[in-house]
Amino acid sequence: MYINVQNLTKHFKIKVRDKGLVNAIKAFVKPKYRTIKAVDNISFGIEKGEILGFIGPNGAGKSTTIKMLCGIMQPDSGTCVVGNINPFKNRKEYVANIGVVFGQKSQLWWDIPVIESFELLKAIYKIPEEKYEKTKQQLITKLNLQDLLDVPVRQLSLGQRMRCELAAALLHDPDILFLDEPTIGLDAVSKVQLREFIKELNKEKKTTIILTTHDMTDIEELASRVVVIGKGKLLYDGSLNKIKSKFQSTKKLEIIFKNLKAAPKIESKIIEKDNKKVLIEVDTKKESISSIIEKYSRVCQIEDVNIHENNIDNIILEMYKEYEL
Ligand SMILES: Nc1ncnc2c1ncn2[C@@H]1O[C@H](COP(=O)(O)OP(=O)(O)OP(=O)(O)O)[C@@H](O)[C@H]1O
Ligand SMILES: [Mg+2]
């Protein structure tokens, strides 16, 4: 296992204050605290070269986990080992090996042109001149940054900035890339381009990628495996397909036919019907699609069959509902 996370836990103590002036004064004299378990005893592993989708609703603890894996935040308990490195103890060695993009927060210097941020990163990471030039040129071409290099970061659009953030995170050619909501706020075209870039990076350089996102298309396109957390706890670790089959119990089946003699007896609910077609909501745990088609085939001539599956957003919603998130 390349990245090994064991029993990782992080609590936050937050000040609580009741309403009203008197309570405000009381809180000032003797503050009251409440502890929230942002990350609660989670364990998982990641293989080298894998793209892991890390998902869960708002406030689940995703960013907190990523911060601990990056070594930015110290866990209260539990361990995280990357390669053979401990991110907190061997911080210097570790940062040379990782790249980080937080979609919500820029990692670049706000007031200076993009290219100067790149130069600063070159100095910080002590990237050799030749290697820097080569990687920089590759990233400029792949991410189409040519016209953005002289622009101060604050003047960039969100999509332009995200491309620069990615380049900045990859200038020192890290083995691991942490992406916390890299597609947030991007238009459809930019999202597609960014996904293509990530796919290619993973394929060509075998970069290990940990991706959090609320866009389930990102996950479908990029991640073979997902880890789902909610209220700080790990809820699921496995393939996206398994989630689909577990939480996608109902499918819509449309059968288009000719010469229906008499409707066959089925258990599933018929939503619509006329003399040419029927639309059925099938609970696949109770009745199989194939058995319904077989029953219809005995009493009519089937011309076409369409199966409509629930989209992945709805499946994830069902999953969150089941876990009461
Ligand atoms: N620095 C902090 N101080 C206090 N509480 C915090 C801090 N950072 C996060 N939290 C709390 O920890 C919990 C987990 O937050 P986190 O940012 O990890 O969630 P998330 O899964 O990334 O959510 P989102 O999808 O909204 O980005 C939340 O309840 C949040 O309010
Ligand atoms: Mg977050």
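Mentor: Start at Ile256, whose bridge partner in strand 13 is Asp304. A word on terms: helices (H or I, at least four residues) and strands (E, at least two) are DSSP runs, numbered from the N terminus, and two strands count as paired if DSSP finds at least two bridges between them. That Ile256–Asp304 bridge belongs to the pairing of strand 10 (residues 250–258) with strand 13, which is antiparallel and has 7 bridges.

Keep in mind that this is a predicted model, where local features need pLDDT of at least 70 and side-chain atom pairs count only at pLDDT 80 or more, while totals for chains, interfaces and linings use all residues. Residues are numbered from 1 along each chain as its sequence is written, chains are lettered from A and ligands numbered from 1 in the order in which they are written, and side-chain values use heavy atoms, with hydrogens and water left out.

The open sheet here has 4 strands in the order 11-12-10-13, with antiparallel pairing. Its edges are strand 11 (269–273) and strand 13 (301–308), each pairing on one side only. From one strand to the next, the twist averages 20°. In a regular strand the side chains alternate between the two faces of the sheet.

What lies across these strands? Helix 10 (residues 289–299) does: it lies across strand 10, strand 11, strand 12 (277–283) and strand 13, at about 15° to strand 10. For that angle, axes are lines fitted to C-alpha atoms, for helices over the stretch in contact, and angles run from 0 to 180 degrees between N-to-C directions. Contact means heavy atoms within 4.5 Å.

For another antiparallel pairing, go to strand 1 (residues 3–16). Strand 1 pairs with strand 2 (residues 32–46) over 11 bridges, and there Phe12 has Ile36 as its bridge partner in strand 2. Strand 1 also pairs with strand 4 (residues 77–82), in the antiparallel sense over 5 bridges; Val5 has Cys80 as its partner in strand 4.
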